[in-house]
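Open the structure in your viewer and keep the selection tool at hand. The stops below say what to select and what is there.

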Amino acid sequence: MLELNTDRIQSLENFGHSLHRSSYYFDMQREDDIKEVFKLAKKEELTVALRGSGRSYGDASLNGGQILIGFELMNKVLSWDKKNGVIVVEPGVTIEQMWKHVLEDGWWSPVVPGTMIPTIAGCLASNVHGKNNWVAGTLGEHVIEFEAILPSGKKVTCSPKKNKNLFYAMISGMGMLGIFTSITLQLKPIETGEVDVLAWAEPNLAGMIAAVDAHKEEDYVVGWVDCTQRGKNLGRGQIHSASYVKAADGDSETLKLSHQILPDRIMGIMPKGLLYRFMKPFTNDPGTRLVNFGRYMQARLLQHNKTVRESLAAFSFLLDYVPNWELIYGEGGLIQYQSFVPKKNAEDCFRKILELSQQRGLPSYLGVLKRHRPDPFLLSHAVDGFSLALDFRVTDANREKLAAMLTELDQIVLKHKGRFYFAKDSHVSAKTVRAYLGKKTVEQFKALKAKSDPHNILQSDLYRRCFLNVNG
């Protein structure tokens, strides 16, 4: 029998360490635990939010003063059909667990985020995309079916044909409609464990956008943007495109896990866990300008139009190369701002965003450009266009100024018919959410919410901010 007591209280953070909340925390081990938590929450008149690996940059997995449930112990691979590439997993299985389970059989996740740490359930709730969004869509598009428990007490099976409204809403629904208990995914066959990566530099934002668009049919394509440059150099950066190495050109031995494991030392000497400490002194305006200048010149002079062969893990999970990299931003942490803008409006929108952040004295220290396509999920962020993800350092001195600037950026994005990504967001208001999703979509979500969660038990800080704060 689950009970509330002070031993259950934990102080938790978002991935960016910019938000902190205390909650009653419970680890789930089986489906009956989920049902017990729902009963407890109803009895105590509390709400419940879900937490996978805690990798959301915003407040999606925070629930201040309420109940938070984790899924680290519901992490079993329930079945694996290596002939057809179909895997069934519990919600707490991570991207890392999954690819390590299937790679040596010649399979790979069709979509991965930039880190292998998130759970599969968290990825679906967030409707994650990768560096191949144009060709592969989001991870949710590769779900055959899932089972879930609703706060109403009902257990459901959902697929694109069965309970389809709930299927397309729970994937993208940020855990506010029900809880995944098993997920069946179709994986992608691969012949080797490597990709050929072509890198080249582009002198400005227009060149970056044109290059990413021209290479959108590649297996992967992504752009790094120097957000500190102005004038004719505004938005310059480097593009990486990658293609799977075929058996005829590579070695099937690269499918072995030993070939994929990321090294834990730099040049075999310095532990990577210490690297963020050396990066920290450069995480400021002059330091970032210096690092970005060096990176761009390296891209122009040493890497331009050169191809290198990398393991799938090395190329896919760049964020995992430097453990605890987010700590370089200091005690205030960081927030990420990612906007998705239709192709015809993207250059003008992103130019205005970069210019305004520089005018406000709050340039982004990291910018990432990707190409996207629409998807069928209810609360989708996707458009036929581009996204620009920006990392902003948070300090006690700039917190209010930064929040005000982000509100200005929201208006720029909305004027350019853009959208936002709940997994990365920590500030958009309910008014902004209604503006980009549309009244019809919001009402459809709320109708599904009322049916699957009649007592409104599933809530998070994000849910209250984006869907209940009508004055926001």
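Start with Asn305, which is found in the loop between H9 and strand E17 (306-311); helices (H or I, at least four residues) and strands (E, at least two) are DSSP runs, numbered from the N terminus. Phi of Asn305 is near 60°, a positive value in a residue other than glycine.

This is a predicted model, in which local features need pLDDT of at least 70 and side-chain atom pairs count only at pLDDT 80 or more, while totals for chains, interfaces and linings use all residues. Residues are numbered from 1 along each chain as its sequence is written, and side-chain values use heavy atoms, with hydrogens and water left out.

Next, select His17, in the loop between strand E1 (9-13) and strand E2 (20-27). Its phi is also a positive value in a residue other than glycine, near 60°. His17 counts as buried because its relative accessibility is 18%; buried means under 20% relative accessible area, exposed over 50%, and partly exposed in between (1.4 Å probe, protein chains only).

Now turn to the sheet. Five strands form an open sheet in the order E5-E6-E10-E8-E9, with antiparallel pairing; two strands pair if DSSP finds at least two bridges between them. Strand E5 (77-81) and strand E9 (155-158) stand at the edges with a single partner strand each, so one side of each has no neighbour in the sheet. Select strand E8 (residues 143-149) with E9: the two pair in the antiparallel sense over four bridges. Ala148 stands opposite Val156 in E9.

The last stops are aromatic rings. A search of the whole structure finds 20 aromatic pairs; rings of Phe, Tyr and Trp (its six-membered ring) pair if their centres lie within 6.5 Å, and planes under 30 degrees apart count as stacked, over 60 as edge-to-face and the rest as tilted. Select Phe340 and Tyr421, an edge-to-face pair at 5.8 Å centre to centre with 80° between the planes. Phe340 lies in strand E18 (residues 334-342) and Tyr421 in the loop between strand E21 (419-420) and helix H13 (430-437), so the pair ties together parts 81 residues apart in sequence. Phe340 is buried, with a relative accessible area of 0%, and Tyr421 counts as buried at 5% relative accessibility.

Then select Phe422 and Phe467: their ring centres are 5.9 Å apart and their planes at 50°, so the pair is tilted. Finish with Phe146, Phe167, Tyr168, Phe180 and Phe377, which form one aromatic cluster.
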